[in-house]
Amino acid sequence: MSGFLRYFLFALLLTAVVCPPLPAKGQTADPQPTAESSSSKPKPKPKKKTSATTKRSPARRRSRRNTPRFHRMHQAFVASATLKPMAMQLLQNRTPQAYAGVESFARKHSADDAGSLAWLAVGYGHFLDHDCAKAIDPLNRATPHAGDIGDYVAFYLASCYIQTNRNSEAIAALAAFEKTYPASLMVRDARVLHANALLTDNRPKEAIALLENDRVPLRSDLEYALGRAYEAAGDMPKAAAVFQHLYFTVPLSAEATSSENELRKLGNVQGVTPPTFGDRRNRADTLVKAKRYPEAIDAYRDLLNQATATDKPSIQLALADAMLRSGQRKEARRLLDSLPLTTPEVAAQKLFTIGEIQRASDDDDGFLHTVNDLRQSAPTSPYLEQALFAAGNIYLLRKDYDKAIDSFREMEQRFPGSPRAHYVHWKVAWLSLRQGRTADAKTGFEQQIAVYPDSNEVSNALYWRGRLAEEDGDKQMAAAFYQKLNARYRNYYYGPLARERMAKMGMSATDDPPHYPILDHVPPINNMPALADTTVPDDNLRVEKAHLLENGGLLDFALRELKAAAEEDKGNWLPGEIARLYEDAGRYDLAVETLKHAIPNYFAIDFSVLPRSYWEFLFPRPYWPDLKKFATANALDPYMVASLIRQESEFNPNAVSVKNAVGLMQLLPKVGRGVAKQEKLKHFSTQQLFTPAVNLQLGTKYFRSMVDQFGGFEYALAAYNAGDYRVVDWQANGKYRDIEEFVESIPFTETREYVQAIMRNASVYRQLYGTP
């Protein structure tokens, strides 16, 4: 088999997989389980599918469920319930033992569809292992009773025929694919695979006929195959046009690099319209956005050779910016020093980029001088806006709060339409409070509500304006602000705090304080998805097929079918069903992310608005026996620990951060070794940090030590995120009314939001589950 076909099949596999990759071969969520540990991943339980509540006539539902296809798939689904945990283990780990277990099931069910599902799982596992010689036999065994999953069997069998140089058998199978499986989601995949098999068989014209009418929507692997087909057919202008289109239109695709190589081989081809300057510029800009700076630098340098005198300065500036981002600060500065100032905009961008180089070099004083130069030469430039924001943050970290206020206020006044205007307004109001200018803070908080009612800081402003009203003895005003906060931002960080303040004042959310017109500016919740019907339809053939594939551990295939079913059904059930599928597979992190994306405002709403299952997917409790045991042993609230894990790893035991923090509680190996020594764990290795029980044992011990060191959970959380020495510095930075004022004063946005999120999430856990 050609090297290209190997590449194509690998790329196709990547594009076909909808869910992120599971652990590598041989790695489990619990690499070193013990008999005593109860933290190993819970075994997925077959879900009883609920009946649909969609507005379909009973006759229509009965007619679908009573079709032979549906009945056959449902029988296979029921028969394969016990296959599910074995198949999931196989496709996650692909160990000899896992293969043996699924093969045993397949042989016991050799005469029915459940056996075919098991053989498909075995064959697909070998395909993932790049061992198609072993995949062919199980895939052939899956064929006779494949039924509605036959398209997946046929596709991967043909793929393996190609990889084992049985091209004629692949072509024969793929030629009948679309006719045999007209509704398959794999039709386009099969066309691309078929075309590449035809190319290997030196039949480029047939490949062209297969692909030319299937180019919309754009698919890079299809386009690349078409370009190669034209090249093999001797039509070099069309081949070059296709490769050129790929290279410039989808520069981030794997096929773009291959297209570049093909274009080099073809050389200059007559009859091909060369790419425009705009095409080339778009490619370079796209590479920068993707952080592929070396390629972008080369692209901008090529552009300089073609640029007109008018375009050249903008290309030089873009090149300097790419150099800066790639760490080539000196080269970027030399380029800027040679740049002619052709327009005021060029001059402003040049100054700003020089300032960014200064900031990257820790030359804050130099940067602040550059801001003054920008202020004088480009007072309305958006580059001054960005520079003022950076200057405010520099003064904030220097604890020069009055200058920080001046920079933030200047930015808001000069650029009131800035997307950051709401944030800098809040910083001015907050720093005014910290500086003891209470009247200015009151005005600032009220303006936050009136001028920026949709901003993220309105909940902050409501709470702290209520606090100041309390300090003035105006309990009625305080209660009005707290009530509005509780109603609109119920489960935000400040929501539970507002309820606590009301309780201390002897008031409740049902009291009727005076009306304050400013509170009318607070908008209702927007962008909530329609959730009238979240019940998965039990009469949809694709849903039934997805559930069957799920029993075979074939999550990527199941997800494709579910998404297609949701398009057909037009219901609102897809996010919840995807979350359920991920959680059953032990991918709690993906379940959480699915619903976060689907319902971004979930913190603002009451529990009754969403189905209970949605809340449990968003706030799961995996590994609970061990989590509760080790939290309790270290005098920690289990919900606080669960909330910390949700923020750190979203319960992915295999998570590894860019800083090499590992596992559920994201412990650095050095920390893990140190705590393991304290705990007297014998023969400890950092690989054990991937074991949930070990990670929880060491993580809770470490977090407890931080709570003891700093005297409070919020301080410990800040140290967990930003480091001990920073928290010591922040604690020494003046007096605070209480811990809430300390948290809001944390100068690092990431750390401040981290602490607030964990405290907020712990509150949700308590409300959702009660006593741990």
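The model is predicted.

Start with helix α12, which covers residues 204-211, and helix α13, which covers residues 220-232. Their axes lie 8 Å apart. The angle between the two helices is about 145 degrees. Their crossing is left-handed. From α12, the residues in contact are P204, A207, I208 and L211. They meet L222, A225, L226, A229, Y230 and A232 of α13. Ten residues of this contact are nonpolar; none is polar and none is charged.

Next comes a loop. It runs between α14 (236-249) and α15 (254-266), and S253 is found there. Is S253 buried or exposed? Its relative accessibility is 13%, so S253 counts as buried, since the cut-off for buried is under 20%. Leaving aside residues up to four places away in sequence, S253 touches S220 and L246.

Now move on to helix α34 (residues 624-633) and helix α35 (residues 638-648). These two pack with their axes 9 Å apart, at an angle of about 120 degrees. That angle makes α34 oblique to α35. The crossing here is right-handed. On the α34 side, W624, L627, K628, A631 and T632 make the contact. On the α35 side, the partners are P638, Y639, V641, A642 and I645. By class, the residues of this contact divide into eight nonpolar, one polar and one charged.

Terms used: Residues numbered from 1 in each chain as written. Predicted model: local features only at pLDDT ≥ 70, side-chain atom pairs only at ≥ 80, totals over all residues. Heavy atoms only, no water. Axes fitted to C-alpha atoms, helices over the stretch in contact; angles between N-to-C directions. Helix = DSSP H or I, 4+ residues; strand = E, 2+ residues; numbered from the N terminus. Left-handed = near helix turned anticlockwise from the far one by under 90°. Contact = heavy atoms within 4.5 Å. Nonpolar A, V, L, I, M, F, W, Y, C, P; charged D, E, K, R; others polar. Buried < 20%, exposed > 50% of the residue type's maximum accessible area, 1.4 Å probe, protein only. Parallel < 35°, antiparallel > 145°, perpendicular 65-115°, else oblique.
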